[in-house]
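Hi everyone, thanks for coming. Let's take a short walk through a structure that may be new to you, so please have a look at it on the screen.

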Amino acid sequence: MSASITLIGSLTPEYLDQFTVWLGEKGLRGSSHLLTQEGDIVSVVQIRLASATINSADLRAALLVLSNETGIDHIYQATMLDIKAGGLAVFDMDSTLIKAEVMDELAIEAGIGQQISAITASAMRGEIDFVESFVQRLALLKGLSSDVMDGVYKRIEHMDGISTLMTVLHHYGWHTAILSGGFTYFADRVQAEYGMSEVHANVLEIQQNELTGKHLGPIVDGERKKLLLTNIAEAQKIDPKQTIACGDGANDLLMLNHAALGVALHAKPLVRQQSPCPMNNLGLDGILYLLGMTSMQIQALTTSE
């Protein structure tokens, strides 16, 4: 399917006219499709572009400027995926499927919340190496009782739209996976709650009911997430053109740029700048609009199941 630009936010007829003029000045034109209804939280308009020679990098950079200036998401997709054909959708967990960084929450239990959250934030902004920061933060949790983990999970909020997205993807037979730099204890529970297909995350070493400050097995960093995306698609015999990746941190950039649709959800500035599809104005269900669905179609599937 052809390239498209999706606008998500408080859209007015006046702004849509202005944007049409802006596109014309870039030598682009297309047909507009309203995907939302009156009463929806935000408006979504998808513009399917007519055939033209497009410099994707330049167009994305210009659209990001508009997004930052207006508060409206302007999301360019070089190609459209077919949601009804099924595929592979992989997700970061912390600050993507859930509204928290698990390492930070464990640090709060250990009484060193500020110390660890500062390192986490720096790693997610891409200022320090993820693996280095992971090992450094985990070592500080040595001696923490593993009994606190159940309470931590129960207090964490899940991302807006997660149930809607998973219901629709699974309806169309998508294979869904968590690729997390967090921990299996939490990722396994998210997987079970939403019927996701598989989990790849870090394993905490626990001895005598206490965290040792170490992990077991390979660390799930940015390179491993990209590799897992490729390997799972091959194992499931899924066309690479039918792959989705969603995350928010610098350690997600490789998989976001490797997938056919790479969505940076409520992402850090560096990630917004370097990812294909930065989206701020909706939760995970916003991905369904990028797949061309209307809110009426989404509601029909999620209210009947």
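**Starting at the sheet**

Let's begin at one spot: Gly-9 stands opposite Ser-43, which belongs to strand 3. Please keep in mind that this is a predicted model. Now look at the strands around that spot. Strand 1, residues 4–9, and strand 3, residues 43–49, pair in the antiparallel sense over six bridges. Helix 2, residues 56–70, packs on the sheet and touches strand 1 and strand 4. The direction of helix 2 makes about 165° with that of strand 4.

How many strands form this open sheet, and in what order? There are four, in the order 2-3-1-4, with antiparallel pairing. Strand 2 (30–34) and strand 4 (73–77) are at the edges with a single partner strand each, so one side of each has no neighbour in the sheet. From one strand to the next, the twist averages 20°.

Next, helix 6, residues 148–155. Met-149, Val-152 and Tyr-153 are buried there. Why are they on the same side of helix 6? Because they cover an arc of only 95° around the axis. The elements covering the buried residues of helix 6 include helix 3 (102–110), helix 8 (184–194) and strand 7 (198–207).

Finally, the largest nonpolar core. It has 66 residues, and those with the most contacts inside it are Phe-91, Leu-97, Leu-141, Leu-284 and Ile-287. Helix 7, residues 162–171, gives the largest share of this core, five residues. Take Ile-287: leaving aside neighbours within four places in sequence, its contacts include Phe-91, Leu-165, Ile-244 and Met-279.

How values were computed: Residues numbered from 1 in each chain as written. Predicted model: local features only at pLDDT ≥ 70, side-chain atom pairs only at ≥ 80, totals over all residues. Heavy atoms only, no water. Core = buried A, V, L, I, M, F, W, Y, C linked by side-chain atoms within 4.5 Å. Buried < 20%, exposed > 50% of the residue type's maximum accessible area, 1.4 Å probe, protein only. Helix = DSSP H or I, 4+ residues; strand = E, 2+ residues; numbered from the N terminus. Contact = heavy atoms within 4.5 Å. Pairing = 2+ DSSP bridges. Axes fitted to C-alpha atoms, helices over the stretch in contact; angles between N-to-C directions. Arc of directions from axis to C-beta.
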